[in-house]
Amino acid sequence: MKIKRVEHIAIAVDSMKQSLDLMRDTFGLELEYEEQIGQTRLAMLPVGQSYIELLEGHGPESGVTKWIAEKGTGLFHICFEVEDIEGAIGELKAKNVKLQSDTWRIGHGGSKIIFLDPSATGNVVIELAELAAGH
């Protein structure tokens, strides 16, 4: 599997507005885009060739809402960009690496994503993403 870069580092937040203000006022980071996926709101802030992704739950079924209730706000996951998500999944399955699902799904910006099970990664949530063309 070819990992191209750290695509983003995701942070679970209680307040998107407060977190965006903090990132702008403290670090000079500017919002590139926001998106709603299911019950989760996300904001992407570029940092060089990578992003900080802020995640805010908008309902009880949001994974972010559940995460914050259990673990609090803070680091949520690290995302690696891969060239070929299906090839990466096949390689991980061949290595008996536990995944959170059997196949990829659509994530931020129309990308194809999959999460590794934290039990296989030292309790670190890792996402793999094949970015949509032109993204």
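**Notes on the predicted model**

1. Ala88 is buried, because its relative accessible area is 1% and the cut-off for buried is under 20%. Please bear in mind that this is a predicted model. Ala88 sits in helix α3. Setting aside residues up to four places away in sequence, Ala88 touches Met1, Val82 and Leu128.

2. Ile113 belongs to strand β7. Ile113 counts as buried, since its relative accessibility is 4%. Apart from neighbours within four places in sequence, its contacts are Ile85, Trp104, Arg105, Ile106, Gly107, His108, Glu127, Leu128 and Ala129. From Ile113 to Phe80 the C-alpha distance is 9.8 Å, and the two are 33 residues apart in sequence.

3. Is Lys112 buried, partly exposed or exposed? Lys112 counts as partly exposed, because its relative accessibility is 26%, and that class lies between the 20% and 50% cut-offs. Lys112 is placed in strand β7. Residues up to four places away in sequence aside, Lys112 touches Ile85, Trp104, Arg105, Leu128, Ala129 and Glu130. With Ala129 the C-alpha to C-alpha distance is 5.5 Å, for a sequence separation of 17 residues.

4. Ala43 lies in strand β3. Its relative accessible area is 0%, so Ala43 is buried. Not counting residues up to four places away in sequence, Ala43 touches Met16, Leu20, Leu31, Tyr33, Glu34, Ile52, Glu53 and Leu54. Ala43 and Phe80 are 37 residues apart in sequence, and their C-alpha atoms are 17 Å apart in space.

5. Now the fold as a whole. The protein chain has three helices and eight strands. In sequence order they give the pattern β-α-β-β-β-α-β-α-β-β-β. Of the contacts with a separation of 6 or more, 51% are between residues 24 or more positions apart.

6. On overall dimensions, the C-alpha trace spans about 45 × 35 × 25 Å along its principal axes. The radius of gyration is 15 Å, which agrees with the value near 14 Å that a compact globule of 135 residues would have. Of the 135 residues, 41% count as buried. The chain exposes about 7300 Å², and carbon and sulfur atoms supply 52% of that area.

7. Next, the open space. Rolling a probe the size of a water molecule over the atoms shows where empty space is left. The largest pocket holds about 570 Å³ of space. Elements that give two or more residues to its lining are β3 (40-47), β4 (50-57), α2 (63-71), β5 (74-82) and β7 (112-116). Which element supplies the largest share of the lining? Helix α2 does, with four residues.

8. The lining of the largest pocket numbers 28 residues. Those nearest the pocket centre are Leu55, Phe76, His77, Arg105 and Phe115. By class, the lining divides into 12 nonpolar, 11 polar and five charged residues. Arg105, one of the residues nearest the centre, is also among the contacts of Lys112 and of Ile113.

9. Most residues other than glycine have a negative phi. Asn96 has a positive phi, near 60°. Asn96 is in the loop between α3 (85-94) and β6 (105-106). Asn96 counts as exposed, because its relative accessibility is 71% and the cut-off for exposed is over 50%.

10. Where is Asn123 found? Asn123 is in the loop between β7 and β8 (126-130). With a relative accessible area of 61%, Asn123 is exposed.

Technical notes
Residues are numbered from 1 along each chain as its sequence is written. This is a predicted model: local features need pLDDT of at least 70, side-chain atom pairs count only at pLDDT 80 or more; totals for chains, interfaces and linings use all residues. Side-chain values use heavy atoms; hydrogens and water are left out. On a 1 Å grid over the protein atoms alone, a cavity is a set of points where a 1.4 Å probe fits but cannot get out, and a pocket is an open set with protein on both sides within 12 Å along at least five of seven lines; lining residues have an atom within 4 Å of a point. Grid points are joined across faces, edges and corners, and a volume is the space filled by probe spheres set on the points. Ala, Val, Leu, Ile, Met, Phe, Trp, Tyr, Cys and Pro count as nonpolar, Asp, Glu, Lys and Arg as charged, and the others, Gly among them, as polar. The radius of gyration is taken over C-alpha atoms; the globule rule is 2.2 Å times the number of residues to the power 0.38. Buried means under 20% relative accessible area, exposed over 50%, partly exposed in between (1.4 Å probe, protein chains only). Contact means heavy atoms within 4.5 Å. Accessible areas come from the Shrake-Rupley method with a 1.4 Å probe; for residues, only the protein chains shown count as cover.
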